[in-house]
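Subject: Structure for your files

Hello,

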Amino acid sequence: MPELPEVEALAHHLREHAVGRAVTRIDVVSLSVLKTATPAYTDLRGREVTGARRHGKHLDVECGDLHLIVHLARAGWLRWSDDLPAAPPRPGGKNPLALRMHLSADDTGGESNAAPRHAGFDLTEAGTKKGLAVWIVADPGQVPSIAALGPDAPALDRDRLEALLTGETRRIKTVLTDQKTIAGIGNAYSDEILHTARLSPYATPARLTADDLDALFDALHGVLAAAVDRSVGQDAARLKGEKRSGLRVHGRTGMPCPVCGDTVREVSFADKAFQYCATCQTGGKPLADRRLSRLVK
């Protein structure tokens, strides 16, 4: 799932490549991705892209006084092209394309008789579980999931983080990934933050010591800042690979921990999993994997 660093990088890419261009056409291949009917997506035609920013894990493409808001969910992605096909895409089948936004091009490649090119981007989604969502709104706060967001992770200071965790009895892994508590962190970067802070994913936030909170605060900002630095400026097509290359425990089950050399372990649930290092985070004690335990029985 794209998280804060990747969405920030996509917003930066659009600021560099889309701002100043006019929306010339929008092809909606999957009507189910549209979560609003008014304003209509056709109302964006002719408007200039004036900005791009991030709200938690939501991408906001600003078109004057209207906003195209995108949540990429677990398997969605944005693919930029300097030369989109002119023919409308065909709906149906196994096509991962959900929506295509055509933008005016800067030029025609320097040839006076060349056909006009259309830059723009595709919103795609792999797999069968569809969660990609698009809203057209006058105010980002009209999107319910944006209105419910907690403070943005990079904006948290040490005191605000402590206040959020005071009295919190849920597992720290759950708290970090709850967008209503802290916006922008998902499964991957919460694994990385907890590994860097040397905290168990099952730790109870209300019981963390002052030293634990200091380590968590430093890890949260350090991990996210480093990921943003790696991601911003990368071509959109290379962002996924860049994310994977920077991870130390997430998605590395069975591989050696780069800090201590212990084997990275996994706890699996019905539709997701997280990774951790027992030596670095749980005093050498493996966490119970309930799905594996049921299989053994």
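A pocket here is found on a 1 Å grid over the protein atoms alone: it is an open set of points where a 1.4 Å probe fits, with protein on both sides within 12 Å along at least five of seven lines, and its lining residues have an atom within 4 Å of a point. The model is a predicted one, with local features needing pLDDT of at least 70 and side-chain atom pairs counted only at pLDDT 80 or more, while totals for chains, interfaces and linings use all residues. Numbering starts from 1 along each chain as its sequence is written, and side-chain values use heavy atoms, without hydrogens and water.

Pockets

The largest pocket has 25 lining residues, and those nearest its centre are Met1, Glu3, Arg74, Lys243 and His250. Two or more lining residues come from each of β5 (76–81), α4 (172–177), α5 (187–197) and α7 (239–245). Helices (H or I, at least four residues) and strands (E, at least two) are DSSP runs, numbered from the N terminus. Helix α7 gives the largest share, four residues. The space in this pocket is about 740 Å³, where a volume is the space filled by probe spheres set on the points, and grid points are joined across faces, edges and corners.

By type, the lining of the largest pocket has eleven charged, eight nonpolar and six polar residues. Asp, Glu, Lys and Arg count as charged; Ala, Val, Leu, Ile, Met, Phe, Trp, Tyr, Cys and Pro as nonpolar; the others, Gly among them, as polar.

The second largest pocket holds about 250 Å³. Of its 18 lining residues, Ser30, Asn95, Pro96, Leu97 and Lys130 lie nearest the centre. Its lining divides into seven nonpolar, seven polar and four charged residues.

Sheet

An open sheet of four strands runs in the order β2-β3-β4-β8, with antiparallel pairing; two strands pair if DSSP finds at least two bridges between them. The edges are β2 (51–55) and β8 (133–137), each with a single partner strand, so one side of each has no neighbour in the sheet. Within the sheet, β3 (residues 58–63) and β4 (residues 66–71) are joined by six bridges, and leucine 59 stands opposite valine 70 in β4.

Annotated stretch

UniProt, in an unreviewed entry, lists residues 248–282 as "domain: FPG-type". UniProt positions are in the numbering used here, feature names are shortened, and annotations may be inferred rather than shown by experiment. Over residues 248–282 the chain is 23% strand and 11% helix, with the end C-alpha atoms 16 Å apart.

Regards
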